[in-house]
Amino acid sequence: MSRQSGYLEGQLLLAMPGMSDARFDRSVIYLCSHSEEGAMGLVLNEYLTALTFSELLDQLDIETEGTVQDVPIFAGGPVETGRGFVLHTNDFIQDSTLVVSETIALTATVDILKAIAEGTGPRQHILALGYAGWSPGQLEQEIQSNGWLTCPADEELVFCTAPDDMWPRAMAMMGVDISMLSSLSGHA
C-alpha cells in the first residue's frame, strides 16, 4: 500500500525525546513494511559490536574468494536478533527481494551476504540483525502519542550518513530544532 492510503513504508521514523521505550532513544528506523497487519522496520543508527562480518560469514558457512572487506553490522531492532536483513539500493534484486521504494529494497538471503563479501552486491547496503516490529494499530498509536516523527527517506541519509549524525540530521531536514524539543508532551 502507498502513503496515499495512510501507510508509511519507505519513510523514516525518528524517535521523539521522551520515547517511552528506552531501546529506541534517538533511533532512526527505516519502515520496510506498513499495513493493516502491522509494521516492520530496521534501526539504522545503532552498531552491533559483538560480531564482525567475517565472523558472521563463518557462522553461516559462507565461503568467499579473496579477502573480505569489513562491513558494519547494525542492531536492526529487538525482534528476532539472530535474523539478518540487508537494506540496499535497488541495483541488486532477487526473487526474494522486497522492493520498498523507487530506490531502496530489502533482501534477507545468504546470497546477498555472499555477493557483498565478494564485491558483487548492491552499490549501497546496510546489514542488520533483528528488526523493530509493531502489531496492527500499534505504530499509529505511538505516532499519535508523539513517540515518533515521520520523515521522507533518501539514499544519502540512509546509506551515507554516520549513525551518530543520522538522528540530528534527519530532524534538521524536517526543520526541527532539537534544542527546542521537550520530553514532555501534551495534547491541547
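Trainee: How many helices and strands are in the protein, and what pattern do they follow along the sequence?

Mentor: The predicted model has five helices and nine strands, and reading along the sequence gives the pattern β-β-β-α-β-β-β-β-α-β-α-β-α-α.

Trainee: What makes the radius of gyration agree with that of a compact globule?

Mentor: For 188 residues a compact globule would have a radius of gyration near 16 Å, and the protein has 17 Å, so the value agrees with the rule. The C-alpha atoms fill a box of roughly 60 × 30 × 25 Å along the principal axes. Of the contacts with a separation of 6 or more, 66% are between residues 24 or more positions apart.

Trainee: Why are the residues around Leu44 called a nonpolar core?

Mentor: The term asks for buried residues of nonpolar kinds, such as Leu, Val and Tyr, joined through side-chain atoms within 4.5 Å, so a residue has to be both buried and joined to others to belong. The largest such core has 26 residues, and Leu12, Tyr30, Leu42, Leu44, Leu87 and Val158 are those that touch the most other members. At least two residues each come from strands S1, S2, S3, S5, S7 and S8 and from helices H4 and H5, and H5 gives the most, with four residues.

Trainee: Which residues does Leu44 touch?

Mentor: Leaving aside residues up to four places away in sequence, Leu44 touches Leu12, Val28, Tyr30, Phe74, Leu87, Ile126, Val158 and Met166. Apart from this core lies another, of 16 residues, which includes Leu113, Ala117, Leu127 and Leu129.

Trainee: How do you know that both faces of S3 are covered?

Mentor: In a regular strand the side chains alternate between the two faces of the sheet, so each face can be checked separately. In S3, Gly38, Met40 and Leu42 lie on one side and Ala39, Gly41 and Val43 on the other, and all are buried.

Trainee: What makes S3 a paired strand, and which strands are its partners?

Mentor: Two strands pair if there are at least two bridges between them. S2 and S3 run antiparallel and are joined by six bridges, while S3 and S8 pair in the antiparallel sense over three bridges, so both pairings meet the cut-off of at least two bridges. His34 stands opposite Ala39 in S3, and Gly133 in S8 is the bridge partner of Met40. S2 and S3 also form a hairpin with two residues between them.

Trainee: Which strands pair with S7, and are its faces covered or open?

Mentor: S5 and S7 pair in the antiparallel sense over four bridges, with His88 opposite Ala105 in S7. S6 and S7, also antiparallel, are joined by two bridges, with Leu98 opposite Leu106 in S7, and a hairpin joins S6 to S7 through four residues.

Trainee: Why is the pair of Phe85 and Tyr131 called edge-to-face?

Mentor: Ring centres have to lie within 6.5 Å, and planes over 60 degrees apart count as edge-to-face. Phe85 and Tyr131 are 5.7 Å apart centre to centre with 80° between the planes, and form an edge-to-face pair. Phe85 lies in strand S5 and Tyr131 in strand S8, so the pair ties together parts that are 46 residues apart in sequence. Both Phe85 and Tyr131 are buried. The structure holds four aromatic pairs, and Phe24, Trp134 and Trp148 form one aromatic cluster.

Trainee: Which residues of helix H2 are buried, and what do they pack against?

Mentor: Ile112, Leu113, Ala115, Ile116 and Ala117 are buried in H2, and the buried residues of H2 pack against helix H1, S5, S7 and S8. Just after H2, Gly119 takes a positive phi of about 80°.

How values were computed:
Residues are numbered from 1 along each chain as its sequence is written. This is a predicted model: local features need pLDDT of at least 70, side-chain atom pairs count only at pLDDT 80 or more; totals for chains, interfaces and linings use all residues. Side-chain values use heavy atoms; hydrogens and water are left out. Buried means under 20% relative accessible area, exposed over 50%, partly exposed in between (1.4 Å probe, protein chains only). Contact means heavy atoms within 4.5 Å. Rings of Phe, Tyr and Trp (its six-membered ring) pair if their centres lie within 6.5 Å; planes under 30 degrees apart count as stacked, over 60 as edge-to-face and the rest as tilted. The radius of gyration is taken over C-alpha atoms; the globule rule is 2.2 Å times the number of residues to the power 0.38.
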